[in-house]
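Visitor: Please show me the model, and let me ask what stands behind the words used to describe it.

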2 protein chains.
Amino acid sequence: MKKKINTAMLPGFPEFLPREQMAFNRMLATIRGVYERFGFIPLETPVIERPEVLKAKEDGETSKQIYMLEHPGMAMRFDHTVPLARYVAEHQRDLVFPFRRHAIGKVYRGERPQKGRLREFYQCDIDVIGNGSLDLAHDADVLAVVSAAFDALKIGEVTIRLSNRTVLQGLASSIGLADKVTDILRTVDKIDKVKREEIERLLGELGCDAEAVEAILRVVSVKGAPADAVAALRAIGVSDDTFAEGVAEIETVTNLAFEFGVPASRLVVDLSITRGLDYYTGTVCETNLVACPELGSICSGGRFDNLASAYTDAALPGVGISIGLSRLFAQLKEAGLVKLDAATPTKVLVIPMLADRSVPLSVAGTLRAAGIPTEVFLENKKPGAKFAYADKQGIPVTVVIGEDEIAKGVCAIKNLATKEQIEVPQAEVVAKVTEILGSL
Amino acid sequence: MKKKINTAMLPGFPEFLPREQMAFNRMLATIRGVYERFGFIPLETPVIERPEVLKAKEDGETSKQIYMLEHPGMAMRFDHTVPLARYVAEHQRDLVFPFRRHAIGKVYRGERPQKGRLREFYQCDIDVIGNGSLDLAHDADVLAVVSAAFDALKIGEVTIRLSNRTVLQGLASSIGLADKVTDILRTVDKIDKVKREEIERLLGELGCDAEAVEAILRVVSVKGAPADAVAALRAIGVSDDTFAEGVAEIETVTNLAFEFGVPASRLVVDLSITRGLDYYTGTVCETNLVACPELGSICSGGRFDNLASAYTDAALPGVGISIGLSRLFAQLKEAGLVKLDAATPTKVLVIPMLADRSVPLSVAGTLRAAGIPTEVFLENKKPGAKFAYADKQGIPVTVVIGEDEIAKGVCAIKNLATKEQIEVPQAEVVAKVTEILGSL
């Protein structure tokens, strides 16, 4: 026998068996539905972009992760946000602002594949881009989308944790270290991983005196309900306009989010969140599953006021969030929190029990014309195998048509959940099947 | 000013403005809906595959078109069929057969970009794969999907042109040139482009005598309603079992397609279709728009009995079709046959006419909770600009809330199509908006 080509999945490129794909798509459709319910356009940009576009905002790390193509001048997109900035810069004159779009698609990272690190994965993004300015209320609107998306996904209660980079920028400025804010944020970001003494030492190296270290650590440990957190931040007594502005932004955004309908218990302020080090400028947020905080953030985002500055001189501030669905799905599956039921969209299997299939085919045509996902079992197999197929696929209803049924002008409809079987005239098949499907 | 990065779209990577994207997605959703109505699983495989997998069935041409990645051992998919064969070979033991899946996604070709030749484009595929065997009725089922998809797309009447490679294989065999069938098909494929004398000369070079040339040209010029075409093929008097089997397959498939509900006028037999030269083995089909035959085939496919043979010794015969939506959409747009209306999924724009936005935000929250795609105009602009935004985006309904409305506990709802404006109590907003949207 000829040697066969290796068909094993490439590491880091997940693909699904049908039941998983159906469950994944259900979640994808849910997210898409919520995004569209909030008026985001389902915009798609090419998977391939110019490398210089992708590298425009690079911090060294991102650049290493870009999947290059052999064709020079082409590279794989690593997120949806950078292509959006490029799209808006390119099509600025043809777009209506504020521009709200969602992007649900695969992105690529040249990662070393390992648990939780994929090379191809879905990101589900929404962003609003303003022309010149963008009201702070959009930050709240985006939080309302996050809240609605997780309500719709029904994967358990979530906590949206909000911070604001302006607060930390103002803090750095107040201690005379405005230009070291990135380093301070990078240090502070380690707060859950290393000892407090180590953080103090590292901050000291950056030029923070004891008082400054104390202020920084007091600020980044503020956590709680928005009103309490805002009061706590003000009580720290940092005297800096930027700091005050950042605190006021937190207050405004959280109040507006509540007015948009985000439940009070779901939104907390947590200044330990610094969220990526590259393009965020104001609001930043992360989202955790209350029941599984160990999954880490399952939806993150924030405000970016200068993302398109590498492409255009126009000010195009934006705010957005992203759900990393591939990773979330894998984690939920592992935790047993994803329901894998049907392996097909088919709701009705028409089973011919005779050689002349004209009546079964025409019944299937009628069901399909009525919008009911229908298949016909067309292989020459024993009756048991035909029902086993419906069962294995998770198809809920079978319609059996044999000599007897044709003689009587009926179909035998079976609800596989209740095992109940009834005969109905062919003309009533659509109505009866619709009734059964409605009852499931 | 700093020099800006070039954001011009890469040639061959189409992207859309919102109105086009909405229209494109409407078509995509329609196709997806039809595919699922026929029980095809929305399977997705990675965009990146091993090059040896993609090159397994190469005929030299395809290989040149593969987009390689710099990382050795990775390449971009150029269609959905080869990855499907790889998927089925890889997951054979976990799948239920016949395996019906659809794939709607982007594929990549290393083409020189030019009109009608894209480097990234959507293909919308369905395929059924059998384990060991696959009943011929699936070929008819696939034709029924094509017919339903074009009914649903509402882009005008189509003609599905059907042929069968077995007929031509039998014909080649009957004239002692079974091993030259590919060359004969390649020659015959030029029939619309070169003179008959030239075809005769080329066939002569392949070893066909005058009688063989005559038979070939008679066979490939058979065109017409299935019953007539089958009679005409039999009347040619080719005495070869394979030929007879191919003709019988045409007869069976077309009869079953009619029983599945394909309108008689829509399906013709046309032996001049040879359809690709690599993997088809039996039924082949192309589809043309009756009003625009110059667009060429807008949906093609056929039976492939050995596609997975490079990956596995198991026999995994299949049949499928593909709609090249990106190219079709571009052609329809150029022909003025695509309706570009809304630039957003938003159906309602809530317009706050006062500084305190709490009531408008809460009304928006209520509309969204009811599943109605809703946006709030959040920028500080003049009233005219707010309505202009709804107008430019194609949002059909506005809900205005100012001091007066709040004092009276109402909202001012405007149907932008009829210009009719009414005041309704806040509690009735969802009902009234639903009524207006239902009337559009």
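This is a predicted model: local features need pLDDT of at least 70, side-chain atom pairs count only at pLDDT 80 or more; totals for chains, interfaces and linings use all residues.

Visitor: What span should helix H5 of chain B have, and what is found between its end C-alpha atoms?

Guide: The expected span is 1.5 Å times one less than the number of residues. The 17 residues of H5(B), residues 137–153, should therefore span 24 Å, and the end C-alpha atoms are 25 Å apart, which agrees.

Visitor: Why is H5(B) said to be largely enclosed by the rest of the structure?

Guide: Buried means under 20% relative accessible area, exposed means over 50%, and partly exposed lies in between, with a 1.4 Å probe and protein chains only. Of the 17 residues of H5(B), 15 are buried, and the helix is therefore described as largely enclosed.

Visitor: What is the phi of the corresponding lysine in chain A, Lys154(A), and is that residue buried or exposed?

Guide: Lys154(A) is not a glycine, yet its phi is positive, at about 50°; the residue sits in the loop between helix H5 (137–153) and strand E6 (158–164) of chain A. Its relative accessibility is 71%, so Lys154(A) counts as exposed. Lys419(A), another residue other than glycine, has a positive phi near 65° and lies in the loop between strand E15 (410–415) and strand E16 (420–425) of chain A; with 56% relative accessibility, Lys419(A) also counts as exposed.

Visitor: Which peptide bonds are cis, at Pro98(A) and at Pro98(B)?

Guide: In chain A the cis bond joins Phe97(A) and Pro98(A), with omega about -5°, and in chain B the bond from Phe97(B) to Pro98(B) is cis, with omega near -5°. Pro98(A) lies in the loop between helix H4 (81–91) and strand E4 (99–108) of chain A.

Visitor: What makes H6(B) roughly antiparallel to H9(B)?

Guide: Axes are lines fitted to C-alpha atoms, for helices over the stretch in contact, and angles run from 0 to 180 degrees between N-to-C directions. Angles under 35 degrees count as roughly parallel, over 145 as roughly antiparallel, 65 to 115 as roughly perpendicular, and the rest as oblique. H6 (residues 165–174) and H9 (residues 210–220) of chain B pack at about 170°, with their axes 10 Å apart, and that makes H6(B) roughly antiparallel to H9(B). With contact meaning heavy atoms within 4.5 Å, the two helices meet through Val167(B), Leu168(B) and Leu171(B) of H6(B) and Ala215(B), Ile216(B), Val219(B) and Val220(B) of H9(B).

Visitor: How many disulfides are there over all chains?

Guide: A disulfide is a pair of cysteine sulfur atoms within 2.5 Å, and the search of the whole structure finds 0. Cys285(A) is in none, the nearest cysteine sulfur, that of Cys299(A), being 6.0 Å away. The sulfur of Cys124(B) is 9.5 Å from the closest cysteine sulfur, in Cys299(B), which is too far for a bond. Cys285(A) is buried at a relative accessible area of 2%, and Cys124(B) is buried at 0%.

Visitor: Why is Leu271(A) called buried?

Guide: Leu271(A) has a relative accessible area of 0% and is therefore buried, although this residue is found in the loop between strand E8 (267–270) and strand E9 (283–289) of chain A. Beyond its neighbours within four places in sequence, Leu271(A) is in contact with residues including Ser163(A), Val167(A), Leu233(A) and Ile250(A).

Visitor: What relates the two copies?

Guide: Copies are superposed by least squares on the C-alpha atoms of residues with pLDDT of at least 70 in both. Chain A can be laid on chain B with an RMSD of 0.1 Å by a turn of 180° and a shift of 0.0 Å along the axis, and the copies are thus related as by a two-fold rotation axis. They meet through the same surface, because 100% of the interface residues of chain A are also interface residues in chain B.

Definitions and conventions:
Residues are numbered from 1 along each chain as its sequence is written. Chains are lettered from A and ligands numbered from 1 in the order in which they are written. Side-chain values use heavy atoms; hydrogens and water are left out. Helices (H or I, at least four residues) and strands (E, at least two) are DSSP runs, numbered from the N terminus.
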